[in-house]
Structure formats: structure tokens, C-alpha cells
Amino acid sequence: MKKILITGGAGFIGSHVVRRFVSRYPEYHIFNLDALTYAGNLENIKDIEANSNYTFIKGDIVDEKFINDLFGIHNFDGVLHLAAESHVDRSIEDPLRFVKTNIIGTMNLLNVAKNQWKGNFDGKRFYHISTDEVYGSLGNEGLFTEKTPYDPNSPYSASKASSDHFVRAYGETYGLPYVLTNCSNNYGSHHFPEKLIPLFINNIINNKLLPIYGDGNYTRDWLFVEDHAIAIDLVFHEGKNHETYNIGGFNEWKNIDLVRLLCKIMDGKLGREKGTSEKLITYVKDRPGHDLRYAIDASKINRELGWKPTVTFEEGLEKTINWYLNNEDWLKNVTSGVYQDYYKKQYS
Ligand code: NAD
Ligand code: TYD
């Protein structure tokens, strides 16, 4: 049985990837390693926690001895590395945290994998999951391709860019078999309500203001998280070693247009009079270093691996909003902090 290490599997995207791998691949044993920071929530994956091919391990990727010992015990066949500090606004407040987790933590995993695999890389693979934000900002035209030079602007994107460079360096220098993907903004269920879409859904439910940074004319390319998980599965199994693939939704939205659409749908769902939620929109001071536009050219992964999004934005948004409305306890537990007791209740 192959042993696969997934890091960050209690987070937003990681939980979707863990669920997919545990249910789709009974021939694998999936080890989910997560430090359970504020963003890690075991309630995200409670539906699969009793599966016999699944083990949760609480631990920090920055802890060198711990990671070395863990690899020593299990000698993993594959690593899917998603653990990270992921929120741009937090990176502006506490950049060092991002350096520790995203750069040192990734280095640590790379180094341990390289040492423990001892140059025998047959059947091994290190998959680093990254972001399109490493490419910096686009103007009104053009798309990021795999050849776009790195030009990160926030401490978050700079830390992810640095980790991407180390992954490539380990491939070139030591021959480590890696694959790397850079993906656009994800949305979907189990998304921590600090990012635009889940924060605004939560605020609309609770009649709280919707803070639009700057003039709201910033553009993001949105991808439904389950489509990202499908792409990750495909790249892990069929991607070529030492290759990068861009993943995106072909789905650009200006923030203000997206928020207006969200308000309209939410008014309908909550039985509120048309225009009620839009009144919550408030323009606030802009984010420093705010990237104007991200948009991905995902033609390489489409051409070489046959991937494209399966869910339209209308369907994805509908599923996402319904999930939050049907899981108000999840939202309440996350906003009150109760979710952080789940580990103690289940595992200690
Ligand atoms: P998230 O913040 O929801 O989850 C991150 C997870 O990593 C959490 O469970 C957290 O507990 C864990 N973690 C953090 N520090 C850790 C440490 N030191 N040791 C072990 N675990 C730790 O993030 P996400 O949105 O699911 O993003 C997952 C990955 O995908 C990240 O690498 C991110 O850069 C990348 N990504 C995210 C997006 C997006 O739109 N969210 C888009 C492209 C790429
Ligand atoms: P976010 O979800 O933080 O993702 P990222 O910064 O990684 O793209 O933000 C998405 C866009 O929404 C970005 O342009 C910033 C903007 N935004 C707001 O206008 N208000 C908010 O409260 C948040 C969280 C984001």
C-alpha cells in the first residue's frame, strides 16, 4: 500500500484533497499532517476520519526533528504539500510567520524527502501546491502563463514564490521528482470566513457591513475548489516531473460585480427585499500593495492532461452559498472559536 503524506489537510483546499484521495484511492494510506492553526479545522473532514486508510497527525512542518522522524517511520511514497499561511492581509500584519511556515516549512519537507529517499526516487513524487499570486499583478490585458516571470508583491506571495524556487532548485540540484501548480483564487465549502466570498456570505447572513477595499475594481479569476482538487489529483498522477502547470477558472470577476451578484442571490435565499444586502456594501481603505488583476491561462494543463473546470460559476456559487446556509453551526463554531476544541474531543 502506498503511503501518501498530505500537509494542510485540515484547511480549506487540503480538506477537499484529503476527502478525494481517501475515498477514491483505497490502495493508498493517506496521512494528513496539519498544525491546526486558526485555519485548520478537523470538522472539515469529519466525514472521512473513521476510514481505515486515513490517519491524522498533528504537527508543524517547521519542526525539523519531527518531520525527519515522521518520514523515518513511514518513508512516504508521495507528498502533496498544501500547508501554508494563506491570507494576504495576515501576511501584511505578520510577515515573519509566513516566512517560517511557507519558506522554512517547505524547505524542511524538501530536505527531509531528499535525504530520506536517498537518491532512490523511483515511484516517489513531491507535489508543491502554489498560487498565481507569485506572478504579481496583471494590467487590464493578458494572462499568466507558466513562463510569466515571478514578480510577487505581498509578503504572502513573496513567501510562496520563494518556496516555489526552492522546489525547483531541489529538482535541478538533487534530482528530486517534483511537480508544481500555481492556481487562481478558490471558492467553495469549508472556506475560512476571512477571504472575500465566505466573509461576505457570513456578513450578509449576520447583517454586517461588507468592506470593499479601494474602489472594488480589482479582478480575480475564481475556481470552484472541487475542480482544483480534481486538477491536483490529475497532476499528482499524470503530471510530468519537473513541470509547472497553471490552474484557473477562466472566470474573471471585478470584486464589486461579484459582491453585487452575491448580495442579489443572498437576498433571494434569505427572503429579503431586493437590494437589502447591497446596502451593507461599504468602501474602506485599500489593502497596501493590492494586486490589480490575476487571470490564468490554463491551456497547458488542458492540452497535456485534459483538465478543465467542470462547474460553472453560477453552479459553484449556488453550491457554496447553500453549503454555508445549511451549515450555520460550522460558521458559528469557526467565528466563536469552538472549532478549535474538536481535536481535543476527538483525539486526546
Ligand atoms: P488554509 O489557510 O485554508 O489552510 C492551510 C492549512 O495549513 C491549515 O489547515 C493550517 O492549519 C495548516 N498549516 C498552517 N501552518 C502549518 C504548519 N506550520 N504546519 C502544518 N500545518 C500548517 O489554506 P488554503 O486556502 O486551503 O490553501 C492551501 C494551499 O493552496 C496553500 O499552499 C495556498 O498557498 C495554496 N493556494 C490557495 C489558494 C486559495 O484561493 N485559497 C489558491 C491557490 C493556491
Ligand atoms: P482574498 O479573498 O483575500 O484573496 P486574495 O487577496 O488572495 O486574492 O481577496 C480577494 C479580493 O477581494 C482581493 O482583491 C481583496 C478583496 N477584498 C475586499 O475588498 N474586502 C475584503 O474584506 C477582503 C477579505 C478582500
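**Figure 1. N75, a partly exposed loop residue.** With a relative accessibility of 35%, N75 counts as partly exposed. In this predicted model, N75 belongs to the loop between α2 (64-74) and β4 (78-81). The phi angle of N75 is near 35 degrees, a positive value in a residue other than glycine. Most residues other than glycine have a negative phi.

**Figure 2. Packing of helix α4 with helix α5.** Helix α4 comprises residues 95-117 and helix α5 residues 155-174; their axes come within 9 Å and cross at roughly 15 degrees. Because angles under 35 degrees count as roughly parallel, α4 is roughly parallel to α5. The crossing in which α4 passes α5 is right-handed. On the α4 side, the contact is made by P95, F98, N102, I103, T106, M107, L110, N111 and K114. The α5 side contributes P155, Y156, S159, K160, S162, S163, F166, V167, Y170 and Y174. Classified by residue type, the contact of α4 with α5 holds 11 nonpolar, six polar and two charged residues.

**Figure 3. Packing of helix α8 with helix α10.** Helix α8 (residues 255-270) packs with helix α10 (residues 313-326) at an angle of about 50 degrees, and the two axes are 11 Å apart. The two helices are therefore oblique to each other. Their crossing is right-handed. From α8, the residues L258, L261, L262, I265, M266, K269 and L270 take part in the contact. They meet F313, L317, E318, I321, N322 and L325 of α10. The residues of this contact divide into 10 nonpolar, one polar and two charged.

Figure 4. F31 lies in strand β2, which covers residues 28-34. The relative accessible area of F31 is 5%; F31 is buried because this value falls under the 20% cut-off. Leaving aside residues up to four places away in sequence, F31 touches K3, I4, L5, I6, T55, I57, H74 and F76.

**Figure 5. The whole protein, as context for the close-up views.** The protein contains 12 helices and 12 strands. Its radius of gyration is 20 Å, close to the 20 Å that the globule rule gives for 348 residues, so the protein is as compact as a globular protein of that length. Along the principal axes, the C-alpha trace spans about 65 × 50 × 40 Å. Of the 348 residues, 57% are buried. Among contacts between residues at least 6 apart in sequence, 83% join residues at least 24 apart.

Note on methods. Residues numbered from 1 in each chain as written. Chains lettered and ligands numbered in written order. Predicted model: local features only at pLDDT ≥ 70, side-chain atom pairs only at ≥ 80, totals over all residues. Heavy atoms only, no water. Axes fitted to C-alpha atoms, helices over the stretch in contact; angles between N-to-C directions. Helix = DSSP H or I, 4+ residues; strand = E, 2+ residues; numbered from the N terminus. Parallel < 35°, antiparallel > 145°, perpendicular 65-115°, else oblique. Left-handed = near helix turned anticlockwise from the far one by under 90°. Contact = heavy atoms within 4.5 Å. Nonpolar A, V, L, I, M, F, W, Y, C, P; charged D, E, K, R; others polar. Rg over C-alpha atoms; globule rule 2.2 N^0.38 Å. Buried < 20%, exposed > 50% of the residue type's maximum accessible area, 1.4 Å probe, protein only.
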